[in-house]
Structure formats: structure tokens, C-alpha cells
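Please read the following briefing alongside the sequence and the coordinates.

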Amino acid sequence: MTRGVFITFEGGEGSGKSTQVQLLVRALAARGIEVMVTREPGGAPGAEQIRALLVNGETGRWDPLSEALLHYAARREHLRHTILPALAGGRWVVCDRFADSTMAYQGYGHGVGRKVISALHAAVVGDLAPDLTLILDIPVADGLSRAASRGGEDRYERMDRKFHDRLRKGFLDIARLEPRRCVVIDATGTIEQVQATILGAVHDRLGVAVP
Ligand code: TMP
């Protein structure tokens with residue numbers, strides 16, 4: 001059986017990522033593609049328990065490296081129990097955040113650095129890489145105000161402005177370093193405009209025309 005296609009969505013706070021994940025999944029399903037939607041941190045029972053440790057509580061509750069390790073522990077559970085079996089069964093997997101978030105948030109945002117995150121990545125994820133990564137990009141101030149208007153700010157949304165500036169730079173660096181895998185999507189437009197850009201990227205990169 002051919003392995004399923006693995007698509008990840010990435011971006012800072014308030015980029016509209018979760019809405020766009022749902023819209024893409026619907027469009028793929030309408031084309032008859034069997035698709036599983038999942039998220040990080042989370043997506044498997046143990047990983048969801050780790051998520052609660054990461055998104056709640058004081059902004060400074062974790063040492064940055066401990067935090068990166070927790071994200072990778074959650075990712076390992078998610079891969080083993082959810083992502084890898086689905087891909088092996090030929091299903092497409094659309095994931096709301098994956099490893100680029102650890103590079104951007106912990107590697108750049110918290111200053112753990114590219115080298116350490118890459119080493120963790122090699123140990124935990126190995127060679128598996130998304131077939132396509134859509135990085136939703138929006139100026140930090142706009143994203144934070146969108147996220148705040150949604151209410152119920154999580155631990156990361158409460159981190160300072162400079163942290164968010166660093167992680168935005170992180171995502172843009174990742175896209176520059178891995179242009180075959182990543183597409184930066186301008187997320188400042190309307191939901192419909194952003195969706196059209198995403199469907200265009202899926203068509204260009206994966207050769208799949210979605211309605
Ligand atoms: P969400 O709000 O997109 O569901 O993600 C939860 C938070 O976790 C979000 O603020 C980004 C953060 N995060 C990291 O800091 N590192 C990671 O590796 C992942 C997957 C998420």
C-alpha cells in the first residue's frame with residue numbers, strides 16, 4: 001500500500017491555522033481523499049496529557065530545554081499511536097502544528113538553539129518529514145490581537161512580544177532553509193483568500209486539484 005500524504009500547518013498565534021486546517025480537510029474529503037486530522041501537542045492519549053502541562057500555568061514554569069523535551073515526548077507518542085499507523089494505512093494526515101513549532105517556539109523563541117532541537121528531532125522523528133508544510137504568516141501584533149479577541153489566552157499567548165518576534169523569524173528561517181517542503185502563506189487576508197492560497201499550494205506542490 002502506498003504511504004499516505006503528510007501535511008502540516010505551522011504559524012504563530014492568531015494566524016487562523018485551525019480554521020484553515022478544517023477547511024482543507026473538508027476540501028480533501030470532498031475530493032474523496034481519506035484524511036485524518038490531528039494536532040500537536042496532542043493527538044494521542046499520553047500526548048494530550050502532556051499538552052495540558054505545556055499550555056496551562058505560569059509562562060516561566062518550565063526550563064526551556066525541559067519544555068522542548070516535553071514537546072518531543074508528546075510527539076513520540078503521537079507518531080507511534082496516531083500518525084505513523086494512519087500513513088502506513090494509506091490515509092492522508094493533516095496535522096495542526098508539528099516539529100517546526102518546536103524549532104520556532106523553543107529553538108528560537110526560548111533560545112534553545114537549532115543544534116539541540118535538530119539533535120532531539122533526529123532521535124525522536126528520524127527521517128520522517130511532512131510532504132508539505134504550510135506556514136501561515138501574520139505580523140505579530142495582528143496575530144496576538146486576533147488571539148486575544150478569541151479569549152482564554154493559553155500560556156504561550158501570554159509570553160512577551162519579543163518571544164513572538166523571535167518565533168516568527170524562526171518559521172521564516174525554516175521556510176528559507178527548506179523551500180521544497182515549506183510554503184509561506186500570507187495569512188493577513190480573509191478566510192476565503194487564505195484558503196484559496198492554501199488550495200493553490202496543495203495543487204502546485206502535491207499535484208492534487210481540490211474543489
Ligand atoms: P495551539 O494553540 O496551536 O493548539 O498550540 C498550543 C501551543 O503550543 C501554541 O501556543 C504553540 C505551542 N507549541 C510549542 O511551543 N512547541 C511545539 O512544539 C508545539 C507543537 C506547540
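**Helix α7 and its surroundings**

In this predicted model, the buried residues of helix α7 are F163, H164, L167, G170, F171, D173, I174 and A175. These buried residues pack against the strands β1 (6–11), β4 (132–137) and β5 (182–186), and also against the helices α4 (99–109), α5 (114–124) and α6 (140–150).

- Helix α7 covers residues 161–177, and its 17 residues should span 24 Å at 1.5 Å a residue; the end C-alpha atoms lie 25 Å apart, which agrees with that expectation.

**The chain as a whole**

- The protein chain contains eight helices and five strands, which follow one another along the sequence in the pattern β-α-β-α-α-β-α-α-β-α-α-β-α.
- Because its radius of gyration of 16 Å is close to the 17 Å that the globule rule gives for 211 residues, the protein chain is as compact as a globular protein of that length.
- The C-alpha trace spans about 45 × 35 × 30 Å along its principal axes, and 50% of the 211 residues count as buried.
- When contacts between residues at least 6 apart in sequence are considered, 78% of them join residues at least 24 apart.

**Surface**

- The protein chain exposes about 9800 Å², of which carbon and sulfur atoms supply 53%.
- A nonpolar patch on the surface is formed by L65, L69 and V116, which together have about 220 Å² of accessible area.

How values were computed: Residues numbered from 1 in each chain as written. Predicted model: local features only at pLDDT ≥ 70, side-chain atom pairs only at ≥ 80, totals over all residues. Heavy atoms only, no water. Patch = residues over 30% accessible without salt bridge, like charges linked within 9 Å, V, L, I, M, F, W, Y side chains within 5 Å. Areas by Shrake-Rupley, 256 points an atom, 1.4 Å probe, with all protein chains shown as cover. Salt bridge = Lys/Arg side-chain N within 4 Å of Asp/Glu carboxyl O. Helix = DSSP H or I, 4+ residues; strand = E, 2+ residues; numbered from the N terminus. Expected span 1.5 Å × (residues − 1). Buried < 20%, exposed > 50% of the residue type's maximum accessible area, 1.4 Å probe, protein only. Contact = heavy atoms within 4.5 Å. Rg over C-alpha atoms; globule rule 2.2 N^0.38 Å.
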